[in-house]
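Please study the structure before reading each solution.

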Amino acid sequence: MADISPSPTATWFDWVKPKSTGRLITTVLLFIGAWVMVFPFIWMISSSMKPTDEVYDADFSIIPKTFKGFENYYGVIFEQPYMVFLMNSMIVCVGILVIQLLTAIPASYALAKLKFRGSSILFGTVIAAITIPINVTSIPLYIGLVKVGLLDTYFAMMFPFIVSVFAIFLFRQFFRGFPDSIIQAARVDGFSEIEIILRLILPSAVPAIAAFSVFSFVAHWNDLYWPLIVVQSQDKMTATLSMMQYHPLSTRTTGAPMPPPPSSPRRWSLHSFSPAGCSSGASL
Amino acid sequence: MLTDGMKMAQLTLKNIKKSFGDTPVLHDISLDVHDGEFVSLVGQSGCGKSTLLRIIAGLEHPDSGDVLIDGQSMLEAAPKDRNIAMVFQDYALYPHMSVGENMAMPLVMARLPLYARLPMMRSITPAGRGAQPEIRADVEKVAKQLRIEHLLDRKPAQLSGDQRQRVALGRALVRDPQVFLMDEPLSNLDAKLRVQVRAEITELHASSGLTFVYVTHDQVEAMTMSSRVALLQTGHLLQVGTPNDLFADPANLDVAQFIGSPEINITPGESCDGKVTIGATTLPIALPTSGPVQVGIRPETISVSDAPGLGALNSAAPTQRLAFNKRLIEDLGPEVLIHGTFAHAPDSIIRIRAQKSDAYSSNGVLAKSNSLEVTVNPNQLLFFGADGQRMRPTTVAQKRVETA
């Protein structure tokens, strides 16, 4: 009988020791890859606990030489309206998601399961709309919001995103797989179309809805572009947008996650845009 | 059948036409289904039988024509207002609801107002709570009848095929419908269960007295279960009648070929001067017109002359002999199926179905020779014109007096 229990002299190294050279190389490569992925986050967390001068210090170390973690985090949480920013992000993301689901689910049910004239043209339009990026529509939207005086509101932050063509497309594909006979049985049993959606389609579509919710929430939480354009006052700023105003760098990293630097010139020229300055805005 | 007594339900289809795009699916179908009748719509796939059923249910709208229940037009009525119940081929159970909830759904929809049916509201609102015990009692009653009361808390995914089938029947029964529609409900069951559930559905029809309309592609199902069979082909209603009518007295060649297993044998013949000739044999049968005819011979009505005890002929019947070339014999257990050809038409396969006997032993007649003589009763033959329409003889063949 082979002795399969570890020998009493085994050390931790025996457990991690690679079994062959090939494995050693694989492990090293994977480790390097993992480090590349993880390092920015370690750097961010490390910097958030350093005093400002140490952040800019050429002599980098992961462990802060002077630990300023408590002060930095206290400053962000209690001395600045960071909780307001988080709340704004939450309101905008949840609001967008709820309205997206409310519009996309009935729309995709109709496109997937109801027969009506022009449904394929309508679906083609939806597909075509997926290809239009927000950047194309942002200027007309901005002008519109300026004209109705809704700039700098939650509405302005959510409005361009309340109908998600991606969600309509995704749910439509998902709903198509739902058996027609169950829907017909429901009609014979007396379900209204809304009840068919609520009672039958939705419970079966939970995986699709969950997947879309994650995509939508993350995308709008991390969105810098649109809030940057429509938000001016501090009490409407989202967490991501608020990153821009943190100086020095140490406080900014405390506010994690660190967004890429925004394109300021563009921001100012758009903000200077007003009905009175159409020509200057059009030169963008 | 569960609550109040007899309900009349006369279902009438009037000149139903339907096409999908440019493809006509149903051509001018008219059919009366009497109260308490079990009518099967039978035909090959794509013949329009399911579409017709869905038109009765209100799931499809006919291009023209009318659907009447008890003389009232149902065309404008939604499926739920037609007082029908439907069982689907794949059972169409609501997947995330328990068996009990599945069966309760039609009652919830019928008895509760919209606000009380919204999620959660059923247990909060007075209307919802008031109706709850009654619904539960009705569901349990039907569940008991179908012997599924122990399954009420399970999900459809946890059930076997025949259990799902019973739940689907139960969901249709609880609402106490006037007309019961079934779309190939047995086709997803294995052969053994199919026979069992077939008998259960027949019993259910007998005990409930409801009007059943049953769609199937399986002529055996149609023949065994129905009071009347309606045979459809490419959107045309070929014949409506009792199972025996369709088998023994088909209106045309298509009906004769569809009904019966194995399929009826067709062989060419010639009608002239009040006689019909098949190959070298002349039958004393007069047909209304002269010219080529198609003769249909049921496999059960042929017997092998030299093998006594075979075949379905009784000795008192008039007989005619035909030359037959045997190709192979299939042993079906109690019976045999003899494949071969008639000498005058070597291209078309003829099948003979006969009782098993000594003739098949290693030194029996059938083993010895491939050239046989078979006998048929001229009065059991079916004649069809070149257009496939049935031709009825104007005379009946008499027994030939044979001397031994």
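**Exercise 1.** In which crossing, left-handed or right-handed, does H10(A) pass H11(A)?

*Solution.* The model is a predicted one.

Step 1. Two packed helices are described by the angle between their axes and the distance between the axes.

Step 2. In chain A, helix H10 (residues 180-189) packs against helix H11 (residues 193-204) at an angle of about 125°, and their axes are 10 Å apart. H10(A) is therefore oblique to H11(A).

Step 3. The crossing in which H10(A) passes H11(A) is right-handed.

**Exercise 2.** Determine which residues of H10(A) and H11(A) meet, and classify them.

*Solution.* 

Step 1. H10(A) contributes A:Ile182, A:Ile183, A:Ala186 and A:Arg187, which meet A:Glu193, A:Ile196, A:Leu200 and A:Ile201 of H11(A).

Step 2. By class, this contact of H10(A) with H11(A) has six nonpolar residues, two charged residues and no polar ones.

**Exercise 3.** Describe the interface of chain B and chain A.

*Solution.* 

Step 1. In chain B, 25 residues are in contact with 15 residues of chain A.

Step 2. About 1800 Å² is buried between chain B and chain A, with 60% of it on carbon and sulfur atoms. Within chain B, the residues that lose the most area to chain A are B:Tyr94, B:His96 and B:Met109, together 28% of what that side buries.

Step 3. The rule finds three salt bridges across the interface of chain B and chain A. A salt bridge joins B:Arg171 and A:Asp189, whose closest N and O atoms are 3.7 Å apart; the cut-off for a salt bridge is within 4 Å.

Terms used:
Residues are numbered from 1 along each chain as its sequence is written. Chains are lettered from A and ligands numbered from 1 in the order in which they are written. This is a predicted model: local features need pLDDT of at least 70, side-chain atom pairs count only at pLDDT 80 or more; totals for chains, interfaces and linings use all residues. Side-chain values use heavy atoms; hydrogens and water are left out. Axes are lines fitted to C-alpha atoms, for helices over the stretch in contact, and angles run from 0 to 180 degrees between N-to-C directions. Helices (H or I, at least four residues) and strands (E, at least two) are DSSP runs, numbered from the N terminus. Angles under 35 degrees count as roughly parallel, over 145 as roughly antiparallel, 65 to 115 as roughly perpendicular and the rest as oblique. A crossing is left-handed if the near helix is turned anticlockwise from the far one by less than a right angle, and right-handed if clockwise. Contact means heavy atoms within 4.5 Å. Ala, Val, Leu, Ile, Met, Phe, Trp, Tyr, Cys and Pro count as nonpolar, Asp, Glu, Lys and Arg as charged, and the others, Gly among them, as polar. Buried area is the accessible area (1.4 Å probe) that two parts lose on being put together, summed over both. A salt bridge is a side-chain nitrogen of Lys or Arg within 4 Å of a carboxyl oxygen of Asp or Glu.
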